[in-house]
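Here is a short report on one protein model. It covers the fold, the sheet, the core and the charged pairs.

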Amino acid sequence: MKFLIVFVALFALALAAPADVSILKSNSDVGPESFKYDWETSDGQSALAEGHLKNIGSENEAISVQGSYKFVGDDGVTYEVSYIADENGFQPQGAHLPVAPEA
């Protein structure tokens, strides 16, 4: 469910781009047990992800996704986030994101 929310948010971000932005690349491959996509726009936004089902047919069936997205913020800085989303939740990494102290 968390992945779906993130995916929809990224998709909405791409659709909300100004009219003078063009799509440079858009690829996707969706199957019954896996998917992958990547896209890039002329204003510096891009995203890619690959996911697959784990433990198919079992009580512990889950989707595992690895991906990243990049965008230029209002401050002109390019932000990039890499992430894993699986049974352990959404786990983002990026130079601009805070890091929890060691326990």
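Which side chain meets Lys 54 in a salt bridge? The side chain of Glu 87 does, at 3.0 Å from N to O.

## Basis of the model

This is a predicted model: local features need pLDDT of at least 70, side-chain atom pairs count only at pLDDT 80 or more, and totals for chains, interfaces and linings use all residues. Residues are numbered from 1 along each chain as its sequence is written, and side-chain values use heavy atoms, with hydrogens and water left out.

## Overall fold

Along the sequence the pattern is α-β-β-β-β-β-β.

The chain has 103 residues, and 25% of them count as buried. Buried means under 20% relative accessible area, exposed means over 50%, and partly exposed lies in between (1.4 Å probe, protein chains only). The accessible surface comes to about 7,400 Å². Carbon and sulfur atoms hold 55% of that surface. Areas come from the Shrake-Rupley method with a 1.4 Å probe; for residues, only the protein chains shown count as cover.

Contact means heavy atoms within 4.5 Å. Take the contacts between residues at least 6 apart in sequence: 20% of them join residues at least 24 apart.

## The sheet

Six strands form an open sheet, ordered E1-E2-E3-E4-E5-E6, with antiparallel pairing. Strand E1 (23-30) and strand E6 (89-93) are the edges, each pairing on one side only. Two strands pair if DSSP finds at least two bridges between them. Neighbouring strands are turned by 10 degrees against each other on average, direction ignored. The axes behind this angle are lines fitted to C-alpha atoms, for helices over the stretch in contact, and angles run from 0 to 180 degrees between N-to-C directions.

E3 and E4 pair in the antiparallel sense over nine bridges. Ala 47 has its bridge partner in E4: Tyr 69.

## The nonpolar core

The largest nonpolar core has 10 residues. Among them are Phe 35, Tyr 37, Trp 39, Ala 47, Tyr 69 and Ala 85. Strands E2 (34-41), E3 (46-54), E4 (62-72) and E5 (78-86) each supply at least two residues of this core. Such a core is a set of buried Ala, Val, Leu, Ile, Met, Phe, Trp, Tyr and Cys residues joined through side-chain atoms within 4.5 Å.

Ala 85 is in contact with Ile 63, Ser 64, Val 65 and Phe 90, leaving aside its neighbours within four places in sequence.

## Salt bridges

The count comes to two salt bridges. The rule asks for a side-chain nitrogen of Lys or Arg within 4 Å of a carboxyl oxygen of Asp or Glu. In one, the side chains of Lys 25 and Asp 38 meet at 3.1 Å, N to O. Lys 25 lies in strand E1 and Asp 38 in strand E2, so the pair ties together parts 13 residues apart in sequence. Lys 25 is partly exposed, at 36% relative accessible area.

The other joins Lys 54 and Glu 87. Lys 54 lies in strand E3 and Glu 87 in the loop between E5 and E6, so this pair ties together parts 33 residues apart in sequence. Lys 54 is partly exposed at 24%. Glu 87 is also partly exposed, at 48%.

## A loop residue

Ile 56 sits in the loop between E3 and E4. Its relative accessibility is 46%, which counts as partly exposed. Ile 56 touches Glu 33 and Glu 61, not counting residues up to four places away in sequence. The C-alpha atoms of Ile 56 and Glu 33 are separated by 8.4 Å.

Definitions and conventions:
Helix = DSSP H or I, 4+ residues; strand = E, 2+ residues; numbered from the N terminus.
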